[in-house]
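Subject: Structure for you to look at

Dear colleague,

I am handing over the structure below, and my notes on what was found in it follow directly after. Please read them with the coordinates open beside you.

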Protein chains: 2
Amino acid sequence: MLRKLALSFILIVATVGTSAVQAQDVDAEDTIAYRQSLYKLIFWNFGTIAGMARERIPFDRDEFRLRALRVSNFSRQLAEGYAEGSDSGAPTDARPEIWTNRADFDAKLADFQREAHKLYSMSAEAEVAALKQQFGVLGGTCKGCHDSYRKD
Amino acid sequence: MLRKLALSFILIVATVGTSAVQAQDVDAEDTIAYRQSLYKLIFWNFGTIAGMARERIPFDRDEFRLRALRVSNFSRQLAEGYAEGSDSGAPTDARPEIWTNRADFDAKLADFQREAHKLYSMSAEAEVAALKQQFGVLGGTCKGCHDSYRKD
């Protein structure tokens, strides 16, 4: 019986994935701090990309590519920062609609992930003009989510 | 002359690396927030590793490996969070000795990076006992730095 229970638990963890593994050790306050930290790091790295796209700093392909990779990686770490129950518990700019319109929120997050990965993929060889354009597309996915799900 | 100046600037950026690129857009407060965010993410992901190493949650190799990769990646992003001038400007647990004993601090950071990468490398195939041991070694590199460079 215990073994069966343990197996069920493992299956649940495997099915629900990362959130279930995390859920045992973290609370809403930690989860909110986790996602806010991710946004700080995204913003930090995106800043270098933006600086190059806007020609405020010299274009450096290796540096651009490194920052694009980091933003892409961070984008895939966001979902577990929006676990059920983390709509409150610490000051947060996240609107409660994230948890009531979850499918739409997840779709917007997927937009961000897809375009961030595309920017990274392109950065190996694409011309600067194309990277600037994709930088705009990526920025649009940030805005697309913030307009609906971030408090003013 | 202008072209020569521009070239010098590019060379400086290339020599000094990432910090120089960042330094144009960020201030001490942002830099402190950046490194604190990294530590939050390291702690978050290390928590899952620790949970498995201490058998509080079931061992899951894919999950362990994913978390080890993230910790390793984060470890390589820390250095730019200790730019010159970021010893103050916001509440921080970083001791000023980081900037006066820089070579020793950098060596301790390199210890952390090396052992984090080793844990990730091992995680593909190593037995759980070996991973637990390396988890201990990695934790030791955290403590090794905190004892000298983090305020109590």
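This is a predicted model: local features need pLDDT of at least 70, side-chain atom pairs count only at pLDDT 80 or more; totals for chains, interfaces and linings use all residues.

The crossing in which helix 3 of chain A passes helix 3 of chain B is left-handed. On the chain A side the contact is made by D30(A), T31(A), A33(A), Y34(A), S37(A), L38(A), K40(A), L41(A) and W44(A), and on the chain B side by D30(B), T31(B), A33(B), Y34(B), S37(B), L38(B), K40(B), L41(B) and W44(B). Sorted by class, this contact between helix 3 of chain A and helix 3 of chain B has 10 nonpolar, four polar and four charged residues.

Aromatic residues deserve a separate paragraph. Over all chains, a search of the whole structure finds 13 aromatic pairs. For W44(A) and Y34(B), the ring centres lie 4.0 Å apart and the planes are at 20°, so this pair is stacked. The pair crosses between chains, with W44(A) placed in helix 3 of chain A and Y34(B) in helix 3 of chain B, and both W44(A) and Y34(B) are buried. In chain A, one aromatic cluster is formed by Y82(A), W99(A), F105(A) and Y149(A).

Helix 3 of chain A also packs within its own chain, where its axis and that of helix 4 of chain A (residues 61-75) come within 9 Å and cross at roughly 150°. That angle makes helix 3 of chain A roughly antiparallel to helix 4 of chain A, and the crossing of these two helices is again left-handed. The contact of helix 3 of chain A with helix 4 of chain A divides into 11 nonpolar, two polar and three charged residues.

As for chain A as a whole, its secondary structure comes to seven helices and zero strands. Of the 152 residues in chain A, 39% are buried, and among its contacts between residues at least 6 apart in sequence, 72% join residues at least 24 apart.

Key: Residues are numbered from 1 along each chain as its sequence is written. Chains are lettered from A and ligands numbered from 1 in the order in which they are written. Side-chain values use heavy atoms; hydrogens and water are left out. A crossing is left-handed if the near helix is turned anticlockwise from the far one by less than a right angle, and right-handed if clockwise. Helices (H or I, at least four residues) and strands (E, at least two) are DSSP runs, numbered from the N terminus. Contact means heavy atoms within 4.5 Å. Ala, Val, Leu, Ile, Met, Phe, Trp, Tyr, Cys and Pro count as nonpolar, Asp, Glu, Lys and Arg as charged, and the others, Gly among them, as polar. Rings of Phe, Tyr and Trp (its six-membered ring) pair if their centres lie within 6.5 Å; planes under 30 degrees apart count as stacked, over 60 as edge-to-face and the rest as tilted. Buried means under 20% relative accessible area, exposed over 50%, partly exposed in between (1.4 Å probe, protein chains only). Axes are lines fitted to C-alpha atoms, for helices over the stretch in contact, and angles run from 0 to 180 degrees between N-to-C directions. Angles under 35 degrees count as roughly parallel, over 145 as roughly antiparallel, 65 to 115 as roughly perpendicular and the rest as oblique.
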